[in-house]
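Here is a briefing on one chain, for reading next to its sequence and model. The points are grouped by topic.

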Amino acid sequence: MYSAGSISKLLTATIAMKLVQAKKIDLDLPINNYLKSWKLGENDFTKNKPVTLRMLLSHTAGTSQSSYWGFLPTKNPLPTVVEILNGEAVAESRKVVVNSEPDKAFQYSGGGTMIVQMVIMDILGKDFEAIAQEQIFVPLQMKNSTFDQTAHEKRASQMAWGYSNASWYKGVP
């Protein structure tokens, strides 16, 4: 098992498109229509053109945060999606905002994908791990795939730790 990183954007988009197909969300309506737990702040960039799911999925929403570095498994507690979106201290990142004109140019945005994740969780009323299991991993019989942020505790012997020494995690060679 390994951290999928930006490959997870494809899975998030797949779940979002399943919600579009089920008519639970429209690609072209303002994303704030669907957000309950958090709202994307309005500003001069969004005044004339609100951000939509289509823009978020195509990285043309003008949203910030090109990427996230993740957290060591020893970080406890992990920040929530809302804390990350708000740029709270525990998240160790800046707030996700619209920092350029929506629908004008491609701008790779991990922050935009986090907004899509929040929309999916708000629409379905579940955490993202459970949604991914139900919508992607179980139907495809992917028994060793998960968005469980505590997988390192349960499956340490199955985890790939990249190129560096994983000695910071007790019990990993």
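In which helix does Thr 113 lie? Thr 113 is part of helix 4. The model is a predicted one. The chain's secondary structure amounts to six helices and zero strands.

**Overall make-up**
- From the N terminus on, the order of elements is α-α-α-α-α-α.
- The chain has 173 residues, and 38% of them count as buried.
- Among contacts in the chain with a separation of 6 or more, 65% come from residues 24 or more positions apart.

- Is Thr 113 buried or exposed? Its relative accessibility is 14%, so Thr 113 counts as buried, the cut-off being under 20%.
- Leaving out residues up to four places away in sequence, Thr 113 touches Lys 9, Thr 12 and His 59.

**The largest nonpolar core**
- This core holds 36 residues.
- The members that touch the most other members are Ile 25, Ile 31, Leu 53, Leu 85, Ile 115 and Ile 120.
- Helix 1, helix 2 (53–57), helix 3 (81–86), helix 4 and helix 5 each supply at least two residues of the core.
- Which helix gives the most to this core? Helix 4 does, with seven residues.

**Leu 19 and Ile 120**
- Leu 19 sits in helix 1.
- The relative accessible area of Leu 19 is 6%, so Leu 19 is buried.
- Leu 19 and Ile 120 are 101 residues apart along the chain, and 8.0 Å separates their C-alpha atoms.
- Not counting residues up to four places away in sequence, Leu 19 touches Lys 24, Ile 25, Ile 120, Ile 123 and Leu 124.
- With that sequence exclusion applied to Ile 120 as well, Ile 120 touches Thr 12, Ile 15, Ala 16, Leu 19, Phe 128 and Ile 131.

**Helix 5**
- Asp 127 caps the N-terminal end of helix 5. A side-chain oxygen lies 3.1 Å from the backbone nitrogen of Glu 129.
- Buried residues in helix 5 are Phe 128, Ile 131, Ala 132, Ile 136 and Phe 137.
- Why do these residues fall on the same side of helix 5? They cover an arc of only 155° around the axis, which puts them on the same side of the helix.
- What do the buried residues of helix 5 pack against? Their partners are helix 1 (7–21) and helix 4 (110–124).

**Aromatic pairs**
- How many aromatic pairs does a search of the whole structure find? The search gives two.
- Phe 128 and Phe 147 form an edge-to-face pair. The distance is 5.1 Å centre to centre, with 80° between the planes.
- Phe 128 lies in helix 5 (residues 128–137), while Phe 147 lies in the loop between helix 5 and helix 6 (151–154), so the pair ties together parts that are 19 residues apart in sequence.
- Phe 128 and Phe 147 are both buried.
- Ring pairs join Phe 128, Phe 137 and Phe 147 into a cluster.

Conventions. Residues are numbered from 1 along each chain as its sequence is written. This is a predicted model: local features need pLDDT of at least 70, side-chain atom pairs count only at pLDDT 80 or more; totals for chains, interfaces and linings use all residues. Side-chain values use heavy atoms; hydrogens and water are left out. Rings of Phe, Tyr and Trp (its six-membered ring) pair if their centres lie within 6.5 Å; planes under 30 degrees apart count as stacked, over 60 as edge-to-face and the rest as tilted. Helices (H or I, at least four residues) and strands (E, at least two) are DSSP runs, numbered from the N terminus. Buried means under 20% relative accessible area, exposed over 50%, partly exposed in between (1.4 Å probe, protein chains only). The arc is that of the directions from the helix axis to the C-beta atoms. Contact means heavy atoms within 4.5 Å. A polar contact is a pair of N or O atoms within 3.5 Å; within protein, one must be able to donate a hydrogen and the other to accept it, and residues adjacent in sequence count only if both atoms are side-chain atoms. A nonpolar core is a set of buried Ala, Val, Leu, Ile, Met, Phe, Trp, Tyr and Cys residues joined through side-chain atoms within 4.5 Å.
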